[in-house]
Each structure stands twice: as structure tokens, then as C-alpha cells.
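Biologist: I have the sequence and the coordinates open and would like to go through a few spots with you. Can we start with the backbone and then move on to the side chains?

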Amino acid sequence: LNFTPAVGDMPLTADQARLLTLAHTLGRDRFAARAAEWDRTACFPQANYDDMRDAGLLGLCVPKSHGGQGADYATYMMVAAEIGRFCGTTSLTWNMHACSSLWTGALAEGIDMSAAERAEHDARCGTHFARVVKDGAIYAQPFSEGSAAAAGKAPFGTSAQRSEQNGVPGWRVNGRKIFASLAGSAHYYGVLCTEDKGDQQPDARDTLYLAVDARAAGFAVSGDWDPVGMRGTVSRTLTFKDVFVPDSDQLLPRGVYWRAAQTWPAMFFTLSPTYLGLACAAYDFTVGYLRGEIPGEPPVKRRMYATKQIAVAQLRIQLESMRSLFTRAITEAKPHPSKDERMRLYAAQYSIMEGANDIARLALRTCGGQSILKHLPLERIYRDSRCGALMLPWTAELVLDRMGRETLYESGERD
């Protein structure tokens, strides 16, 4: 490579090097220049998605046997960080899209399924992969409902009941999702909901993962979107009123999502590469600014001051710590991780989600008053970076809670 990726100079396969180069080139030449527009207007980065579609990146995690790039978990995480380096909004929304293929593709291979479930899944996943690769469809993945469900502590309030329409078996979905990224721009919404068995006893083990067509009757997008950061995610409210979803649009067989959540904790780590990319962007800007190398700005050097040199050293130390935890976590991600591997995953999540804003904060202070002006990217990076620690299912607070509890209590222990 002729650049250092956001994840650092780790060993790469030929495919990883090719995909990182593709992401870096798109980000540098196209996404970076557009990022301010999505932030200013709070609009979805459609032009970036058109570029990713043309480049084959919408199908990054679709298996090669179905016409995609066949990226595994670690490769997706590397590429997402590189995109986040140039446009946080694009990387974060692309996570929702890519995970619909990652969960149903590479991760599904490590989930325990019966022979019947495996056959059912294999027969259905091709439909979704074809939509992405052949039709260029965009998938969203709404989690939040304003309850404990997205954190894995309660069943989802959005429900699905067995039904049929014109002789086609399927589900009737009712409920709502909030903070739903890609609202109004996705073609399909991968909705997590609880099977309604009619016994008034919803159970998280009965979670369904269904693809709701944006054109379906009873589906609606509502509400405004005017947040402090990640403005181009357009995370509005989705409502479902007797929305019919055919069986063929199940993304995973009944009950398999619950097993996946217990088996593959790294599936909830996929928001973090965006924020590692943002941290790298803040560092890159600071170095360029102090060296007088920011395009369009006077070539004034500020690198000779000891205070600036110390600050850059502090930024690099924190960035390298984040990179080290991140690369360790993604390379050892697998089903049924050991306790130590799980603790490192939590540590990486917390370090990146809080560390990205720490780096952006210090970068602002180091670069000084000019850096808070909106024609420069650093103030936007600062605002975007603050959002990471708040995002479900693994907010910073929830990660600390998990780490402390799971360190002090072995499975099944109680006081």
C-alpha cells in the first residue's frame, strides 16, 4: 500500500489490500469533499452510495458464490474504518447495510442450526444477496425502540404474528423503531421483532429478523432529524401497522438471531470502525494543520512549538492503543469466544467509542480557534465522534457494566 490504513500497518491479504485501496481512493477523492454537505443539510449520502454500488462495495459482505466480494468479518471492519476516515456518516450507515449480508453470510456459518434451519436459511439468503448485488438494493438495520430491548435485556416491542396474504405464508408486523438510520433511503429494513404467539408472554428467544420492503403497505417514516452529529444518517422513526412480510423475507430462521447474539458477541462491535476512522481523521488533520499542509489554508507552520509536539505525541499514543485493541479484537473474533477474548472486545469497544472523542477534543485544542470553523472538518469530526459512546446495543455505560459484572461473576453465579 502507498498509504497507512486507518487500522494501521497490519499484515493484509491480497483481497484486503485491494479493498482498502478502493475504499481509501473513494474516500480521499470523493467522500471527503462531500462530507460537509451531508452534515450541513442532514441528508443521506446518496452520491456516496451510488459510488459504492458502482465499485461493488454494497456487496462487500455478500459471499463470492453469490456475486459479492466475499469479505469476512475482519476485512469488513478494516474497510469500514477506512471509509469512516473520510466520512463518518457514510461509514456508519453502511454498517447497517453491510451487516445484513455479514450476519446472514459469514457470521451465519458459525451459528448452531439444525439441518432443517440450515437448509431454510441457505434457500432464502440468496434472495437478499441478489437484491444487493444485482439490484443495488440498500438494507437498513433498525434496533432501537426506547426500551431495554436493543441492549439485549428485554424482548423487542415490535411484534410479528403468523399470517398469510393471498395464500402466501408470512408475518404481520406491528410496532415502531426509533433512531432508525437510512430512514427513507433504504429499500429494505432488517427489522428485529418478537414473535407474537398469542400467549401474552413475549420472549427474547423468539426474536425474528425480517426484511421489510420500504414499499409495503402499513410502513411509514416520520419525525424530524436535527442532531448534534452524524446528521447524514437521517435516523428517523419507523412505524409498522399490520405490515405483511412473506416467509421468503426472513433474514434468519425463527429463533436463530437469539442464538447468534449469544454465540457471536463481535456482531455488536461493528459500529466501532467508523469511530476509529474518525479518530484517525482527527489525527491526520492535526498533523497536516501543524505542518501547514491543509489545502486552501495559508501554509503557516506551527510544528516548532513544544506544546504542539507534546499534544501530537499524546494523540498518536492514544490512536495506537486504540488500533492495537481493535486489530486484536477483529482478528480473534469468532463464535463462542473465551472470557479473555470477550473482555478484550469490550475493552476495544469502550476505548474506541470514548477515545475517538478524546482525540478529536485534543485535536481541536491543539489546532486552536481556526479549527472550530465549519469550512474545516475538525469541528464536524468532533461532533460526530461524540455520538459513538451513546449507540446501542453497546453504549459506553453498558460496556462498563458488562465488563465489571462478567469479570467478577462466572456464568450462573449470584449473590
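Biologist: Where does M230 lie?

Modeller: M230 lies in the loop between β6 (219-222) and β7 (236-246), and please keep in mind that this is a predicted model.

Biologist: And what is its phi?

Modeller: The phi of M230 is positive, about 50°, although M230 is not a glycine. Most residues other than glycine have a negative phi.

Biologist: Is M230 buried or exposed?

Modeller: M230 counts as buried, because its relative accessibility is 4%, under the 20% cut-off.

Biologist: Which loop holds Q200, and what is its phi?

Modeller: Q200 sits in the loop between β4 (188-195) and β5 (207-213), and its phi is positive too, near 60°, in a residue other than glycine. Q200 is exposed, with a relative accessible area of 71%, whereas M230 is buried.

Biologist: What kind of peptide bond joins L392 and P393?

Modeller: The bond between L392 and P393 is cis, with an omega of about 10°, and P393 is found in the loop between α10 (378-386) and α11. Most peptide bonds are trans.

Biologist: How many salt bridges does the structure hold?

Modeller: The structure holds 32 salt bridges. Side chains of opposite charge can pair when their charged atoms come close. One of the salt bridges is between the side chains of E117 and R259, at 2.8 Å from N to O.

Biologist: Why does the pair E117 and R259 tie together parts that are apart in sequence?

Modeller: E117 lies in helix α5 (residues 115-133) while R259 lies in helix α6 (residues 256-263), so the pair ties together parts that are 142 residues apart in sequence. The two partners fall into separate burial classes, since E117 is buried with a relative accessible area of 16%, while R259 counts as partly exposed at 27%.

Biologist: And what do the side chains of K197 and D206 do?

Modeller: They meet in a salt bridge, at 3.2 Å from N to O, and D206 counts as buried at 18% relative accessibility.

Biologist: Switching to cysteines, how many disulfides does the structure hold?

Modeller: The structure holds zero disulfides. C87 is in no disulfide, and the nearest cysteine sulfur to it, that of C43, is 13 Å away.

Biologist: Why is C387 too far for a bond?

Modeller: The closest cysteine sulfur to that of C387 is in C87, at 13 Å, so the two are too far apart for a bond. C387 is buried with a relative accessible area of 14%, and C87 is buried with 3%.

Biologist: Last one: how many residues are in the largest nonpolar core, and which have the most contacts inside it?

Modeller: The largest nonpolar core has 134 residues, and those with the most contacts inside it are L60, Y76, W94, W103, Y257, F269 and Y275. Helix α9 (residues 339-367) gives the largest share of this core, 13 residues.

Biologist: And what does Y257 touch?

Modeller: Not counting residues up to four places away in sequence, Y257 touches W103, F143, F156, L192, T207, L252, M267 and F268.

Technical notes: Residues numbered from 1 in each chain as written. Predicted model: local features only at pLDDT ≥ 70, side-chain atom pairs only at ≥ 80, totals over all residues. Heavy atoms only, no water. Helix = DSSP H or I, 4+ residues; strand = E, 2+ residues; numbered from the N terminus. Buried < 20%, exposed > 50% of the residue type's maximum accessible area, 1.4 Å probe, protein only. Disulfide = S-S within 2.5 Å. Core = buried A, V, L, I, M, F, W, Y, C linked by side-chain atoms within 4.5 Å. Contact = heavy atoms within 4.5 Å. Salt bridge = Lys/Arg side-chain N within 4 Å of Asp/Glu carboxyl O.
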